[in-house]
Every structure is written in structure tokens, then in C-alpha cells.
Amino acid sequence: MNDVLSQSKSKFLHIPTVLGAVVPAYNVPGVTGELKFTPEALAGIFLGKITSWNDPAIAKANPGVNLPNQTIIVIHRSDGSGTTYIFTDYLSKVSSEWQNGPGKGTSVKWPVGLGGKGNEGVAGMIRQMQGGIGYIELIYAVQNKITYGSVKNAAGSFVKATLESVTAAAASAKNMPPDFRVSITNAPGKDAYPISSFTWLLIPEKSKEASKGKILADFLTWMVDDGQKMTSELAYAPLPESVASKVKGVIKQVQ
């Protein structure tokens with residue numbers, strides 16, 4: 001993202017819109033309930049070091065669950081995406097091997113797995129493939145009725161992605177920078193879902209036409225006011241009021 005912005009001839013504002021979550025969704029034969037994932041297990045799976053669903057690293061966090069001796073099929077995005085950035089940003093924070101290997105980015109060199117285009121492509125492959133696991137936005141898991149697990153957060157609690165747990169992650173960002181570019185993955189709060197993120201719009205700082213700038217500013221103002229009431233039905237969490245009020249101040253620069 002920094003490279004893209006640095007190469008741009010125009011100056012852009014980062015405008016936060018909503019809060020979202022990326023979830024580990026899976027299709028494990030015989031397992032219909034919620035699985036628990038530790039950071040070590042998720043990193044091991046996507047590094048290709050944990051290859052079976054009954055691996056001790058997964059079984060230890062899921063006592064009493066009858067995990068099959070089923071090969072894990074890793075599914076990731078084939079296209080560059082913000083979803084991939086959030087997930088790999090998280091993995092880079094919880095695994096030094098991941099940080100020093102694939103690292104974080106909208107597109108990375110995956111050690112293992114099959115690629116699906118878009119959240120919908122990954123979701124579709126998970127549904128079709130027994131043993132599959134992939135990362136998708138919460139809304140795709142909810143809409144497609146795909147099972148997804150809870151993740152052990154930085155405070156040691158297993159937390160499932162909900163509007164409340166995503167909001168708890170955002171609340172950990174005590175010092176919001178002026179450009180709103182802050183990572184809230186692996187947030188410290190005990191109730192925080194660890195693979196959470198703000199979603200941003202990139203808006204030109206100054207519109208070439210004043211009339212268009214006014215229309216855009218009006219839309220952005222609606223978005224952080226009335227529009228926030230529509231987020232929950234789409235499985236996104238609204239911006240904290242403290243952030244929304246700061247965004248309103250920045251919006252004035254667009255006109």
C-alpha cells in the first residue's frame with residue numbers, strides 16, 4: 001500500500017468506513033461444531049507444517065472433538081486483496097517464521113495451498129473440498145453458512161468473530177493516528193477478536209471540481225452518520241464514535 005501511495009501523483013485521504021473480520025473457515029468431515037485455533041496452529045497450517053486435522057497442535061485446543069485423520073487442504077486467495085493483507089498481517093505478528101518468510105501483503109508467495117479468486121471463490125472451494133480451510137471475510141461465512149472457528153487472542157482467550165469482539169479489537173487502538181492507518185490485528189483486549197481490521201476508502205484530498213467534491217463529502221458524511229446503522233446486518237461493526245467524529249473533521253478537506 002505504501003508503494004502504491006508513494007507512486008501516486010495525487011494525495012489521498014484514508015477514510016475508515018466500517019470494522020470487519022477475517023475468519024478461518026473450514027470443512028472437516030464429521031466435525032460440525034466450532035473448532036478452536038491457536039496462533040501456532042494457524043501459522044503451522046498455512047506454512048504447510050501441520051498437514052492433518054488430527055495433528056496434536058489442533059487436537060490440544062479441541063479436547064473431546066473427534067478430529068479425523070484427514071489431509072488439510074489449504075485454500076488462499078489467488079488475487080491480491082485486503083483480506084489477504086489482514087490475514088498475513090496477523091500471521092506476521094504471531095509467527096516469526098511467517099514474518100521472515102511469506103510476510104504480509106495484499107499478495108504473498110504462499111508455501112502451500114490452492115488459490116481461489118475473491119472471497120466468494122475461496123468460500124466456494126471450502127464448501128466443495130473435504131478437509132479444506134481458508135480465510136474469508138465474516139460476511140461470506142455468514143451468508144454461505146460456512147463453519148468458522150474461534151481464534152486464541154493475545155490475552156489467551158478463544159474468541160469467535162462477532163460484531164462485539166471486532167469492536168473490542170478497535171477499542172484497543174487508543175492512539176488513532178491522524179491518517180487512520182492503524183493495524184488492530186492481534187489486539188491486546190481479552191474480548192478482542194484477533195483478526196480484525198478497519199476498512200478504508202482512498203479519497204483524493206482535493207477534488208478537481210468543487211461540485212463533485214461537495215457530493216463526495218456529503219456521501220462520506222452520510223456514511224459515518226446514518227450509514228453506520230446499516231453495518232450490523234452486513235456482518236460489519238460500526239466505527240467507534242471517537243473515530244467517526246475524527247473522520248467528519250477530515251471529510252471537510254475533500255470539498
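This is a predicted model: local features need pLDDT of at least 70, side-chain atom pairs count only at pLDDT 80 or more; totals for chains, interfaces and linings use all residues.
Residues are numbered from 1 along each chain as its sequence is written, and side-chain values use heavy atoms, with hydrogens and water left out.

## The chain as a whole

The protein chain has 10 helices and 8 strands. Both kinds of element are DSSP runs numbered from the N terminus: H or I with at least four residues for helices, E with at least two for strands. The radius of gyration is 19 Å, close to the 18 Å that the globule rule gives for 255 residues, so the chain is as compact as a globular protein of that length. That radius is taken over C-alpha atoms, and the rule is 2.2 Å times the number of residues to the power 0.38. Along the principal axes, the C-alpha atoms fill a box of roughly 65 × 35 × 30 Å.

How much of the chain counts as buried? Of the 255 residues, 47% do. Buried here means under 20% relative accessible area, exposed means over 50%, and partly exposed is in between (1.4 Å probe, protein chains only). The accessible surface of the chain comes to about 12,500 Å², with 52% of it belonging to carbon and sulfur atoms; these areas come from the Shrake-Rupley method with a 1.4 Å probe, and for residues only the protein chains shown count as cover. Among contacts (heavy atoms within 4.5 Å) with a separation of 6 or more, 71% come from residues 24 or more positions apart.

## The sheet

Five strands make an open sheet with mixed pairing, in the order S4-S3-S5-S1-S8. Two strands pair if DSSP finds at least two bridges between them. The edges belong to S4 (114–116) and S8 (196–204), each with a single partner strand, so one side of each is left without a neighbour in the sheet. From one strand to the next, the twist averages 30°.

S1 (residues 12–27) and S8 pair in the antiparallel sense over 9 bridges. To find this pairing in the viewer, look for Leu13, which stands opposite Ile203 in S8.

## Helices across the sheet

H2 lies across S1, S3 (73–77) and S5 (132–137), running at about 110° to S5. H4 (residues 82–94) lies across S1, S3, S5 and S8, and its angle to S5 is also about 110°. For these angles, axes are lines fitted to C-alpha atoms, for helices over the stretch in contact, and the values run from 0 to 180 degrees between N-to-C directions.

Why is H2 described as largely enclosed by the rest of the structure? Because 8 of its 9 residues (39–47) are buried. They are Pro39, Ala41, Leu42, Ala43, Gly44, Ile45, Phe46 and Leu47. Gly48 follows H2, and its phi is positive, near 85°.

## Salt bridges

A search of the whole structure finds 9 salt bridges, each a side-chain nitrogen of Lys or Arg within 4 Å of a carboxyl oxygen of Asp or Glu. Three of them are tabulated here.

| Pair | Closest N to O |
|---|---|
| Lys11 and Glu205 | 3.9 Å |
| Arg77 and Asp79 | 2.9 Å |

Lys11 is exposed at 59% relative accessibility, while Glu205 is partly exposed at 23%. Arg77 is buried, at 10%.

Lys214 and Asp218 both lie in H9, 4 residues apart, about one turn of the helix. Their relative accessible areas are 41% for Lys214 and 40% for Asp218, so Lys214 counts as partly exposed and so does Asp218.

## Positive phi away from glycine

Lys145 is not a glycine, yet its phi is positive, about 55°. This residue is in the loop between H7 (138–143) and S6 (150–152), and it is exposed at 76% relative accessibility. Asn186, not a glycine either, has a positive phi of about 55°. Its place is the loop between H8 (163–171) and S8, where Asn186 is partly exposed at 22%.
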